[in-house]
Amino acid sequence: MNSGERQQLNDAMRALGEGHTEAMRQVFALSSPKIYGKLVALLKKPELAQRALATTYLKLWKNHASIPATGCDYMHFIAAIAHQAAIDIRFSDTSDGELL
């Protein structure tokens, strides 16, 4: 992510923290490709990564009022939510009878 994109993400996250719906679309467009790649690497299955990605952005929207206004690396903030979603899925998914 270049510095211009990072600034766009910062601005969109601050707007999201204030509840602006359009900001959620911007945050998703700017951050989801990188977050999805990390989730695929963690979960090894695209369908699980897609589920974790959806969970990540749903949690981000539901908790938008708690997004820090300043002093935060927002990509890391989103990545931490995604990591937790991946852990939750990885250790709760027993559809094939094995731990991933």
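This is a predicted model: local features need pLDDT of at least 70, side-chain atom pairs count only at pLDDT 80 or more; totals for chains, interfaces and linings use all residues.
Residues are numbered from 1 along each chain as its sequence is written, and side-chain values use heavy atoms, with hydrogens and water left out.

**Stop 1: the whole chain.** Switch to a cartoon view. You will find 4 helices and 0 strands; helices (H or I, at least four residues) and strands (E, at least two) are DSSP runs, numbered from the N terminus. The C-alpha atoms fill a box of roughly 45 × 25 × 20 Å along the principal axes.

**Stop 2: two helices.** Select residues 21-43, helix α2, and residues 46-62, helix α3. Two packed helices are described by the angle between their axes and the distance between the axes. The axes of α2 and α3 come within 9 Å and cross at roughly 145°. Such axes are lines fitted to C-alpha atoms, for helices over the stretch in contact, and angles run from 0 to 180 degrees between N-to-C directions.

Now show side chains. Among the α2 residues that meet α3 are Met24, Phe28, Ile35 and Leu39, while the α3 side includes Leu48, Ala52, Tyr57 and Trp61. Contact means heavy atoms within 4.5 Å. The residues of this α2 and α3 contact divide into 16 nonpolar, 4 polar and no charged. Ala, Val, Leu, Ile, Met, Phe, Trp, Tyr, Cys and Pro count as nonpolar, Asp, Glu, Lys and Arg as charged, and the others, Gly among them, as polar.

**Stop 3: Ala52.** Click on Ala52 in helix α3. Ala52 counts as buried because its relative accessibility is 0%; buried means under 20% relative accessible area, exposed over 50%, partly exposed in between (1.4 Å probe, protein chains only). Leaving aside residues up to four places away in sequence, Ala52 touches Leu39, Leu43, Ala85, Ala86 and Ile89. Across the chain, buried residues make up 31% of the 100 residues.

**Stop 4: Lys44.** Finish at Lys44, in the loop between α2 and α3. With 63% relative accessibility, Lys44 counts as exposed. Check its backbone too: phi of Lys44 is near 70°, a positive value in a residue other than glycine. Most residues other than glycine have a negative phi.
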